[in-house]
Amino acid sequence: MKQKITLKHIARELEVSISTVSKALKNSEEIGQDTKEKIQAFAKLYNYKPNNIAISLKNKRTRNIGVIIPDIVHHFFTTVFRGIEKYANAKGYNVIVCVSDESFNKEVINMEMLANGSIDGFIMALAGETQLKNDYNHLREVTEQGIPLVLFDRVTDEIQCDKVIINDEAAAYQVVKKLIKAGRKRIALITTEGYLNVSSKRAEGYYRALKEYKIPIDKQLVLQLPYQQEDENKSEKFFKENKPDAVLCVNEIFAVKCMGIAQKFGYRIPEEIAFVGFTDGILSHYATPSLTSVDQHGEIMGETAAQMLIDKIEQDQDDEKEEEFETRIIAATLIERASTPKFV
């Protein structure tokens, strides 16, 4: 798909500011005739068309924020939303939430629906299908028109915007390190498809710890499950054939389900097999035994994302300056419970 030309492209090509391009295309008397004609000719040559939806969004304050999350089943996303709403409401903003249901098309539709002048900016976590397709044109169109966007948790380097994440790689590394120090040698990883950035980062931490402690990497101890569909047969086969003594799961749903399968096969938790999952939601508290979890601090992540977005919305925009973006990393915390031996 041919990329649409934007004010930013024209400014970069002609080595002028975005403000100068904008004023020249509006035939402003502030811009010299030669510069104006050059910019207008370039825009015509490349068939520049302003994104009227984005422009109306940029120029009109609504005190509404659009939030798009992949699903509402995972406790983590609901806590992030709670944090967003708490901070936004305190600052006098309303929050409109949409669910992409892990669908690329729904994510695009939600974004188009919200970007009709009814909100001042976006906070979102990318849908699984969006990361699979690696198609971010719908985000690029909005950001290149100067509309504030903050990505959280599921992010991409393809889009220049503010981001909030946890230290996924380091958190997984620390968990595996603790399991090794507790005497576990056959540590399994239960993860999702690698195109989900959070899963790939957690896998990197898992492999780093094994390498550091010179534990041979056994690919048979890595189980990759679909992030949406259940595959209990695959999980049962995995525990029958591999007999791990510890398991790191990239989310708490995988962890709780796999604990049930392990118990069905007679494993004693944590004596014979330990379990750790990411999220620290309601399932972690009420599982039997209770699940040791990596707390991603969803509410803090939500508050941070809302603060970053509202700061961008309310700051005086200086078009002469190159916009700067920030990635904030929130340190995860390990919450020890009954599914692991006591860590040192």
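**View A. Thr279 in strand β9.** Thr279 is placed in strand β9, where strands (E, at least two residues) and helices (H or I, at least four residues) are DSSP runs numbered from the N terminus. The model is predicted: local features need pLDDT of at least 70, side-chain atom pairs count only at pLDDT 80 or more, and totals for chains, interfaces and linings use all residues. Residues are numbered from 1 along each chain as its sequence is written, and side-chain values use heavy atoms, with hydrogens and water left out. Although Thr279 is not a glycine, its phi is positive, about 125°. Most residues other than glycine have a negative phi, and most peptide bonds are trans. With a relative accessibility of 8%, Thr279 counts as buried; the term buried denotes under 20% relative accessible area, exposed over 50%, and partly exposed the range in between (1.4 Å probe, protein chains only).

**View B. Asn47 in the loop between α3 and α4.** The loop between α3 (33-45) and α4 (52-59) contains Asn47. This residue is not a glycine, yet Asn47 has a positive phi of about 55°. Its relative accessibility is 51%, so Asn47 counts as exposed.

View C. The bond from Ile269 to Pro270 is cis, with omega near 5°, and Pro270 belongs to the loop between α12 and β9. The bond from Thr288 to Pro289 is also cis, with omega near -5°. Pro289 sits in the loop between α13 and β10.

View D. Ser293 is part of strand β10 (residues 292-295) and is buried, its relative accessible area being 0%. Not counting residues up to four places away in sequence, Ser293 is in contact (heavy atoms within 4.5 Å) with Gly277, Asp280, Ser284, Thr333, Leu334, Ile335 and Arg337. Its side chain forms a polar contact with the side chain of Ser284 at 2.9 Å. A polar contact is a pair of N or O atoms within 3.5 Å; within protein, one must be able to donate a hydrogen and the other to accept it, and residues adjacent in sequence count only if both atoms are side-chain atoms. The side chain of Ser293 also reaches the backbone oxygen of Leu291, at 3.2 Å. Asn242 lies 51 residues from Ser293 along the chain, and their C-alpha atoms are separated by 23 Å.

**View E. Helix α12 and its cover.** At the start of α12, a side-chain oxygen of Asn251 comes to within 3.2 Å of the backbone nitrogen of Ile253. The buried residues of α12 include Glu252, Phe254, Ala255, Cys258, Met259, Ile261 and Ala262. They are covered by elements including α5 (75-90), β6 (187-191), α11 (232-242), β8 (246-249), β9 (274-279) and α13 (282-286). Gly266, with a positive phi near 90°, follows the helix α12.

**View F. The open parallel sheet.** The sheet consists of 6 strands in the order β2-β1-β3-β4-β5-β11, paired in parallel; two strands pair if DSSP finds at least two bridges between them. The edge strands β2 (94-99) and β11 (327-330) each have a single partner strand, so one side of each lacks a neighbour in the sheet. Direction ignored, neighbouring strands are turned by 15° against each other on average. Parallel strands β3 and β4 are joined by 3 bridges, with Met124 opposite Leu151 of β4. Strand β4 (residues 149-152) also pairs in the parallel sense with β5 (residues 162-166) over 3 bridges, and Val150 faces Asp162 of β5. Helix α14 (residues 298-314) lies across β1 (64-69), β3 (122-124), β4, β5 and β11, at about 170° to β5. Such angles run from 0 to 180 degrees between N-to-C directions of lines fitted to C-alpha atoms, for helices over the stretch in contact.

View G. The largest nonpolar core holds 70 residues, and Ile123, Phe152, Ile190, Phe239 and Phe275 touch the most other members. Such a core is a set of buried Ala, Val, Leu, Ile, Met, Phe, Trp, Tyr and Cys residues joined through side-chain atoms within 4.5 Å. Apart from it lies another core, of 19 residues, including Leu114, Leu126, Tyr136 and Leu151.
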